[in-house]
Amino acid sequence: MSKNTKKTSGKVATLAAETLNSSASSAIAKSLAASALAQNGTDKQTSAEMEEIAGKVLGSDKYSEDTKALAASVLSQANKERGY
């Protein structure tokens, strides 16, 4: 199995923490933020479920640039063999 060794950057980790602490953040944004933080400094990879959510966010016009940045980070840390 091909391991994706990418990790969440400091900038995205900060955005993720801010997102989780904001009452104005959507549930989707908070899920993406939690996934990004879970991968900060670890070898964890994005789950198939989060890959699907992140892909939908990136393909939609209804999400903010911050939410899309979280989605892009989560997706970049996906399992290479699933091919997202």
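Predicted model: local features only at pLDDT ≥ 70, side-chain atom pairs only at ≥ 80, totals over all residues.

Analyst: Helices (H or I, at least four residues) and strands (E, at least two) are DSSP runs, numbered from the N terminus. Residues are numbered from 1 along each chain as its sequence is written, and side-chain values use heavy atoms, leaving out hydrogens and water.

Here's the overall layout. Of the 84 residues in the chain, 38% are buried (under 20% relative accessible area; exposed is over 50%, partly exposed is in between, with a 1.4 Å probe and protein chains only). Now take the contacts (heavy atoms within 4.5 Å) whose separation is 6 or more: residues 24 or more positions apart account for 66% of them.

On to H2, residues 27–38, and its packing against H3, residues 48–58. The two pack at an angle of about 125°, and their axes are 11 Å apart (axes are lines fitted to C-alpha atoms, for helices over the stretch in contact, with angles from 0 to 180 degrees between N-to-C directions). That is why H2 and H3 are called oblique to each other (under 35 degrees is roughly parallel, over 145 roughly antiparallel, 65 to 115 roughly perpendicular, and the rest oblique). Their crossing is left-handed (the near helix is turned anticlockwise from the far one by less than a right angle; clockwise would be right-handed). On the H2 side, Ile28, Ser31, Leu32 and Ser35 make the contact, while H3 brings Met50, Ile53, Ala54 and Val57. Sorted by class, the contact of H2 with H3 has six nonpolar, two polar and no charged residues (Ala, Val, Leu, Ile, Met, Phe, Trp, Tyr, Cys and Pro are nonpolar, Asp, Glu, Lys and Arg charged, and the others, Gly among them, polar).

H2 also packs with H4, residues 65–76: the axes of H2 and H4 come within 9 Å and cross at roughly 40°. H2 and H4 are therefore oblique to each other, and their crossing is left-handed. Here Ala29, Leu32, Ala33, Ser35 and Ala36 of H2 meet Thr67, Leu70, Ala71 and Val74 of H4. By class, that contact of H2 with H4 has seven nonpolar, two polar and no charged residues. Notice that Leu32 and Ser35 turn up in the contact with H3 and in the one with H4.

Let's zoom in on one residue of H2, Ala33. Its relative accessibility is 0%, so Ala33 counts as buried. What does Ala33 touch, not counting residues up to four places away in sequence? The partners are Ala16, Thr19, Leu20 and Leu70. Ala33 and Leu70 sit 37 residues apart in sequence, yet 6.2 Å apart in space, C-alpha to C-alpha.

Ala16, Thr19 and Leu70 show up again where H1 meets H4. The axes of H1, residues 10–21, and H4 come within 10 Å and cross at roughly 125°. H1 and H4 are therefore oblique to each other, and H1 passes H4 in a left-handed crossing. H1 brings Val12, Leu15, Ala16 and Thr19, and H4 brings Asp66, Ala69, Leu70 and Ser73. Those residues of the contact of H1 with H4 divide into five nonpolar, two polar and one charged.

Finally, the loops. Thr46 lies in the loop between H2 and H3, and at 2% relative accessibility Thr46 counts as buried. A polar atom of the Thr46 side chain lies 2.5 Å from the backbone oxygen of Val74. In the loop between H3 and H4 you'll find Tyr63; at 22% relative accessibility, Tyr63 counts as partly exposed. Leaving aside neighbours within four places in sequence, Tyr63 is in contact with Ile28, Val57 and Lys68. Ser60 lies in the loop between H3 and H4 too, and with a relative accessible area of 18%, Ser60 is buried. A polar atom of the Ser60 side chain lies 3.1 Å from the backbone nitrogen of Lys62.

Technical notes
Polar contact = N/O pair within 3.5 Å; in protein donor to acceptor, adjacent residues only side chain to side chain.
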